[in-house]
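Here is a short briefing to read alongside the model. Take a moment with the sequence and the fold, then follow the notes below, which are grouped by topic.

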Amino acid sequence: QLQLAESGGALVQPGGSLRLICTASGDQLNWYTIGWFRQVLGKEREGVGCFSSSFSTPLVADSVKGRFTITRDNAKKTVYLQMDSLISEDTAIYYCAAGRAGVGTVLGRCVSPTEYHVWGEGTQVIVSA
């Protein structure tokens, strides 16, 4: 059974960069779309983007486009979220999640939490001076 674990969360200054890592175990990663989400206490979980196993290009939400990049390495069972030019509004708990391969071919599905059935525990990112 697929399990996911996030790592790499940290305190970073505005304008800085951070790379989050989602590591899978229990199944082959190449069967799934892996999505990244973030959540601030009291707010809804927000989709950041995703990378499908059946789509060569990751999808990224407009809110982070140009600053966040998603890559994946199926052999290492990892998906990365590279975050650059961080701002205070990026402060959140970041989660990775797994959904069906087809989820990652349409942005609307890619950023919808209901399309994902396996979730990691999350990693905290704080952007502050």
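**Strand pairing**

Ile 21 has Tyr 80 of E8 as its bridge partner. Please keep in mind throughout that this is a predicted model.

- E3 and E8 run antiparallel to each other and pair over six bridges.
- These two strands belong to an open sheet of four strands, ordered E1-E3-E8-E7, with antiparallel pairing.
- Strand E1 (3–7) and E7 are the edge strands; each has a single partner strand, so one side of each lacks a neighbour in the sheet.
- On average, neighbouring strands of this sheet are turned by 15° against each other, direction ignored.

**Disulfides**

- The structure contains two disulfides, and when the bonded cysteines are counted along the protein chain, the pattern is 1-3, 2-4.
- One of them joins Cys 22 to Cys 96, with the sulfur atoms 2.1 Å apart.
- This pair bridges distant parts of the chain: Cys 22 sits in strand E3 (residues 18–25) and Cys 96 in strand E9 (residues 92–100), 74 residues apart.
- The link of Cys 22 and Cys 96 is right-handed, with 70° about the S-S bond.
- Both Cys 22 and Cys 96 are buried.
- A disulfide also joins Cys 50 to Cys 110, where the sulfur atoms are 2.2 Å apart.
- Cys 50 belongs to strand E5 (residues 46–51) and Cys 110 to helix H1 (residues 107–110), so this pair ties together parts that are 60 residues apart in sequence.
- The link of Cys 50 and Cys 110 is left-handed, with -135° about the S-S bond.
- Cys 50 and Cys 110 are both buried.

**A look around Cys 96**

- Why does Cys 96 count as buried? Its relative accessibility is 0%, and the cut-off for buried is under 20%.
- Leaving aside residues up to four places away in sequence, Cys 96 touches Leu 4, Glu 6, Cys 22, Ile 34, Gly 35, Trp 36, Val 118, Trp 119 and Gly 120.
- The C-alpha atoms of Cys 96 and Val 48 are separated by 9.7 Å, and the two residues are 48 residues apart along the chain.

**Nonpolar cores**

- The largest nonpolar core has 29 residues, and the members that touch the most others are Leu 4, Ile 34, Trp 36, Leu 81, Met 83 and Tyr 94.
- At least two residues of this core come from each of E3, strand E4 (32–39), E5, E7, E8, E9 and strand E11 (123–127).
- A second, separate core has seven residues, among them Cys 50, Leu 59, Ala 97 and Tyr 116.
- Which residues does Ile 34 touch, not counting those up to four places away in sequence? Its contacts include Leu 4, Cys 22, Leu 29, Val 79 and Cys 96, and also Cys 50, Ala 97 and Tyr 116.

**Salt bridges**

- Side chains of opposite charge can pair when their charged atoms come close.
- A search of the whole structure turns up five salt bridges.
- Glu 46 pairs with Arg 38, and the closest N and O atoms are 2.9 Å apart.
- Arg 38 counts as buried because its relative accessibility is 8%, whereas Glu 46 counts as partly exposed at 29%.
- Arg 67 and Asp 90 form a salt bridge through their side chains (2.7 Å, N to O).
- Arg 67 lies in the loop between strand E6 (59–60) and strand E7 (68–73), and Asp 90 in the loop between strand E8 (78–83) and E9, so the pair ties together parts that are 23 residues apart in sequence.
- Arg 67 and Asp 90 are both buried.
- Arg 38, Glu 46, Arg 67 and Asp 90 are linked in a network of salt bridges.
- Arg 109 forms a salt bridge with Glu 115, with the closest N and O atoms 3.1 Å apart.
- Arg 109 is partly exposed, with a relative accessible area of 34%, and Glu 115 is partly exposed as well, with 27%.

Conventions. Residues are numbered from 1 along each chain as its sequence is written. This is a predicted model: local features need pLDDT of at least 70, side-chain atom pairs count only at pLDDT 80 or more; totals for chains, interfaces and linings use all residues. Side-chain values use heavy atoms; hydrogens and water are left out. A disulfide is a pair of cysteine sulfur atoms within 2.5 Å. Buried means under 20% relative accessible area, exposed over 50%, partly exposed in between (1.4 Å probe, protein chains only). A salt bridge is a side-chain nitrogen of Lys or Arg within 4 Å of a carboxyl oxygen of Asp or Glu. A nonpolar core is a set of buried Ala, Val, Leu, Ile, Met, Phe, Trp, Tyr and Cys residues joined through side-chain atoms within 4.5 Å. Contact means heavy atoms within 4.5 Å. Two strands pair if DSSP finds at least two bridges between them. Axes are lines fitted to C-alpha atoms, for helices over the stretch in contact, and angles run from 0 to 180 degrees between N-to-C directions.
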